[in-house]
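Subject: A structure to look through

Hello,

Here is the structure I promised to pass on to you. Please open it beside this message, and then read the notes below with the model in view.

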Amino acid sequence: MNRSEEIAVSAMSAGRSALRMGPAELVQAAAMARRFYLEGKSKIQIAEEFGVSRFKVARVLETALERDLVRIEIRVPSELDAERSDALRARYGLRHAVVVESPESSEAAEDGPDPENLGEVAADLLGELVTEGDVLGLAWGRSTIHMAAALDRLPPCTVVQLTGVYDAGTAERGSVEAVRRAAQVSGGEAHPIYAPMLLPDPATAAALRNQTGIARAFEYFDKVTVAAVSIGSWEPGISTVHDMLSDEERAHYASLGVAAEMSAHLFDSEGRRVGRDLGERCITVEADRLRRIPEVVAIAGGLRKAAAIDAVLRSGLVTSLVTDTAVADHLISAAGERPRPALDRADPDGE
């Protein structure tokens, strides 16, 4: 993502070992390196220019690296942490892991909302992952809403809402608007869902699913190729579903060992789904359908969500993650057996 590579070629600043090369060799090696690394010429083109074999060019370039005549620096934007990103990707077997710098204040990282720049980075990631003709699915969540607001490029694609809204009265400022925004940027069709995420009972939820507009959106669920979702811990203010339930219902699901919530699906600390009856009352994409989506990007950060993020990554529903350095450090250093690779898409309940 926006990776820039700077190649510095300098005979004057070469290391001590490079000084063992004669001046003609140094000048030639520097010229060849400049042609190859900075001007993008092939080894064959360089060989023709200098009247040597391409094998000679290859040896000179290799020697230039070994003797510090050529220095290669790989740099990413300062807000991204490439080392943690790679370590997190490897630990969970993800397709993509993008780690963003946490807020400078550790207190903000532990108690505050998701870092705001997660949405901006996730928007850039979607612009990279989505291709023309894809169907992009957006689930309810503050982080996905921030991501949609930050979108400035998307190939032509269809955009569908994957869940109902937290509060029907705020639909225009929430996931409905996020779907519209993404469709506007891409120039594609929008299929929003004008319905609450949580209903009083399964019968009401079933009736709403059969309404024309909602049923049309549901028809696209099996066509979704890239999805963006949020993750919440089972705590007040961190999971919208938690906040929508009564005290009695919260206590009931807590007794089942809920550690995380994603798109109204509940998970214990091992990534197994619990409290499945809640889904019968919700307008949301089914877990089995999520598992079949080729690319599911979770956007979530802040230490208060670290355990929840770990649980969802173990569920096999997510293939990629955008998070912050505080969460990455927690997950990378976590004790215990390494989880099954997320790209296996294995269902912990099936074991």
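Is strand β13 (residues 320-324) largely enclosed by the rest of the structure or exposed? Five of its five residues are buried, so β13 is largely enclosed, where buried means under 20% relative accessible area, exposed over 50% and partly exposed in between, with a 1.4 Å probe and protein chains only. Before going further, please keep in mind that this is a predicted model, in which local features need pLDDT of at least 70 and side-chain atom pairs count only at pLDDT 80 or more, while totals for chains, interfaces and linings use all residues. Residues are numbered from 1 along each chain as its sequence is written, and side-chain values use heavy atoms, with hydrogens and water left out.

Strand β13 and its partners

In a regular strand the side chains alternate between the two faces of the sheet. In β13, Ser-320, Val-322 and Asp-324 point one way, whereas Leu-321 and Thr-323 point the other way, and all are buried. Strand β3 (residues 96-100) runs parallel to β13 and is joined to it by five bridges, with Ala-97 having Leu-321 as its bridge partner. Strand β12 (residues 295-299) also pairs with β13 in the parallel sense, over three bridges, and here Val-297 has Ser-320 as its partner. Two strands count as paired if DSSP finds at least two bridges between them; strands (E, at least two residues) and helices (H or I, at least four) are DSSP runs, numbered from the N terminus.

Helices α14 and α15

The axes of helix α14 (residues 306-313) and helix α15 (residues 325-332) come within 10 Å and cross at roughly 60°, and the two helices are therefore oblique to each other. Axes are lines fitted to C-alpha atoms, for helices over the stretch in contact, and angles run from 0 to 180 degrees between N-to-C directions; under 35 degrees is roughly parallel, over 145 roughly antiparallel, 65 to 115 roughly perpendicular, and the rest oblique. The contact (heavy atoms within 4.5 Å) is made by Ala-306, Ile-309, Asp-310 and Leu-313 of α14 with Val-327, His-330 and Leu-331 of α15.

Two residues with positive phi

Most residues other than glycine have a negative phi. Ala-264, however, has a positive phi of about 70°; this residue lies in the loop between β9 (260-262) and β10 (265-267) and is buried, with a relative accessible area of 3%. Arg-345, in the segment after α15, has a positive phi near 55° and is buried, with a relative accessible area of 15%.

Best wishes
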